[in-house]
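Welcome! Here is a short briefing to read alongside the sequence and the 3D view.

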Amino acid sequence: MEPVSRSYLWEVRLRRTLFFGLTLVTAAAATSLLLDVLEANGLSGIEVVGLVLFFALFTWIAGALWTAIAGFAVQLAGHDHTGIDSRALADRPLRTRTAVVMPIYNEDPVRVGAGLTATWSSLSRESEERAFDLYILSDTSDAKIAADEELMWRGLVARYGESRVFYRRRRERSERKAGNIADFVRRWGANYECMIVLDADSVMSGHALVTLARAMEAHPRIGILQSLPLPAGRETLFGRLIQFGSRLQSPMLSAGLAFWQVGESNYWGHNAIVRLRPFATHCTLPRLSGRPPLGGEILSHDFVEAAFMRRAGYEVRQIPELSGSWEEIPANVIDYAARDRRWTQGNLQHSRVLLFPGLHPLSRVHLLTGIVAYASSPMWFALLLLSSLLSAIEASKKPQYFWPGLQSLFPHWPEIRFQEVAVLFGVTLVVLLLPKVLGASLAIRDRVLRRQFGGTAALCVSLLVEQLFSMLLAPSMMLFHSTFVAQTLLGRSVSWNAQERTERGVTMRGVGGIVGRNSAYRVDEPCQPRPAPAAHGLAPDTRGDCTALRAFRVEPRRRRYNADGFHTGLRGAATGAAAPCVLPTAAQRGLM
């Protein structure tokens, strides 16, 4: 690999200096305002602890703000010259072979087969489709599901040929998903230059698969190239709101992450392409000393593999502008939280990896932010408790207008600094809301995207609805995450179960059980009401970028799957071959 130029290294350092500098300056300015407010009547020890928590948490949200601003600038400019230009890769012939691998564990074979059919049908229309093979890597323990998996595989073989579609079921299922992929790398990895990793709910267009492979050939320094999977396919109100927020904000945030992370980005474990030789040589996961949950097998393997790949001298990058990458999210808040329970334990394990020798400083930042993503919830909770305690203490105090020993005709009035409070409140609102305003302005500026969101008025109404939803969801997730962190630190480990992917809502009785007892709850079949037509801006009708999914239709309410089309919109889609494909076109991930 050729060494990078000094000008490139200088620009990367400048970007990161600006990002971290502006983030810390923003947090310091907000904290100084709070200090001015608190020290007006003397600073107590409890208030000092609160200031420290406030600075740490404000740094967290300020980082999201400056990432959004960077992404906004990049999207206005049209392209980041240090990134991967997917347009320059068009028509580049592929000289190497790529394996598309999907590890599965007790998943619904019909659902998996529908997604694979959509992906492979789209790939079959690409000129370079012969450069790809498909591997279904099963760790399924249920014999009946395994038999259905084989039937699903045979159907794919009958349609696409046995020479390019393979199925393997492990008998010894060690190390979960990471072990499943490692087994593939050991047995078949030498036959391919790269592998594209899919989750059981992933769908990718043929164009996206080919572009990823072309990018790896054109840039041999890259070890991992991460696409931006956009959540799609949900019909519950919860799912629709999450999808809307992700569609609006994630392209901008992802462009911002790529701007300051450059070749030290992160890997999210799926919808990404990995160079196999360095992965096999350098990315073997260690077994952490001690017992789970903080010891044993590493659950959140993707961050660690990215750190090891970068330690080996290969870049880890994102490709924000690449469309045609999707995934599903949990359909309700209970399943959403259950998924976060596993991620909490996996990310807290990264505290054991942070000090591994040789890691790039930004890799350590990624590991730390993964930890803070969940540890910030108990920090917010502690800050709320401290503020409540301070309010109770102040309310119980008797005002002392004349200090003892001081002879004065004028009383000492308690001081309230209204101006500083108002400025701090305004700064906080800007930090929290400006990223959403910037994302919405980019959508309004794009005529095609604006139409997909139902027009400017519908988009603005939907943005207000989504903001209200976020305000209601945030306290619940804070309590969930605080509980998960406490359970992990107290030694309660998670079990390895298949993720719930069905389209189910939650009854009010179920929600009441969670809120009231945090233990017993009831999850029923879909009961979520459809949003009113006035909120149709929540349903971007992106008909122009869904070739890959025209063969994948899911009707969750009837639990039926066929090969007519894939519908996720509020406006409905008629059954039959002419059914419109309603899908967003970009990425999911935010700051984390």
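Tyr8 touches Thr82, Val262, Gly263, Glu315 and Arg317, leaving aside residues up to four places away in sequence; contact here means heavy atoms within 4.5 Å. This is a predicted model, in which local features need pLDDT of at least 70, side-chain atom pairs count only at pLDDT 80 or more, and totals for chains, interfaces and linings use all residues. Residues are numbered from 1 along each chain as its sequence is written, and side-chain values use heavy atoms, with hydrogens and water left out.

- Tyr8 is found in helix H1 (residues 6-38); helices (H or I, at least four residues) and strands (E, at least two) are DSSP runs, numbered from the N terminus.
- With 18% relative accessibility, Tyr8 counts as buried, a word that means under 20% relative accessible area, while exposed means over 50% and partly exposed lies in between (1.4 Å probe, protein chains only).
- Tyr8 and Thr82 are 74 residues apart along the chain, and their C-alpha atoms are separated by 8.1 Å.
- Gly505 sits in the loop between helix H14 (456-489) and helix H15 (508-517), and at 0% relative accessibility Gly505 is buried too.
- From C-alpha to C-alpha, Gly505 and Asn332 are 5.7 Å apart in space, although 173 residues separate them in sequence.

**Helices that cross**

- Helix H3 (residues 109-123) and helix H6 (residues 206-218) have axes that come within 7 Å and cross at roughly 65°; axes are lines fitted to C-alpha atoms, for helices over the stretch in contact, and angles run from 0 to 180 degrees between N-to-C directions.
- H3 and H6 are therefore roughly perpendicular to each other (65 to 115 degrees; under 35 counts as roughly parallel, over 145 as roughly antiparallel and the rest as oblique).
- Thr119, Ser122 and Leu123 of H3 meet Gly206, His207, Leu209 and Val210 of H6.
- By class, this contact of H3 with H6 has three nonpolar, four polar and no charged residues (Ala, Val, Leu, Ile, Met, Phe, Trp, Tyr, Cys and Pro count as nonpolar, Asp, Glu, Lys and Arg as charged, and the others, Gly among them, as polar).
- Helix H7 (residues 237-261) packs with helix H12 (residues 418-445) at an angle of about 100°, their axes 9 Å apart, which makes H7 roughly perpendicular to H12.
- Leu248, Gln249 and Met252 in H7 meet residues of H12, including Pro435, Lys436 and Leu438.
- The contact of H7 with H12 has seven nonpolar, two polar and one charged residues by class.

**Strands and their partners**

- E5 pairs with strand E10 (residues 325-327) in the antiparallel sense over two bridges, and Met204 stands opposite Ser325 in E10.
- Strand E8 (residues 272-275) points Ala272 and Val274 one way and Ile273 and Arg275 the other way, and all are buried.
- Strand E4 (residues 194-197) pairs with E8 in the antiparallel sense over four bridges, and the bridge partner of Cys194 in E8 is Arg275.

- The protein chain averages a pLDDT of 85, and 82% of the residues score at least 70; pLDDT is the predictor's confidence in each residue, from 0 to 100.
- Over residues 515-592, pLDDT stays under 50.
- Where pLDDT is low, the predicted coordinates should not be read in detail.

Key
Pairing = 2+ DSSP bridges.
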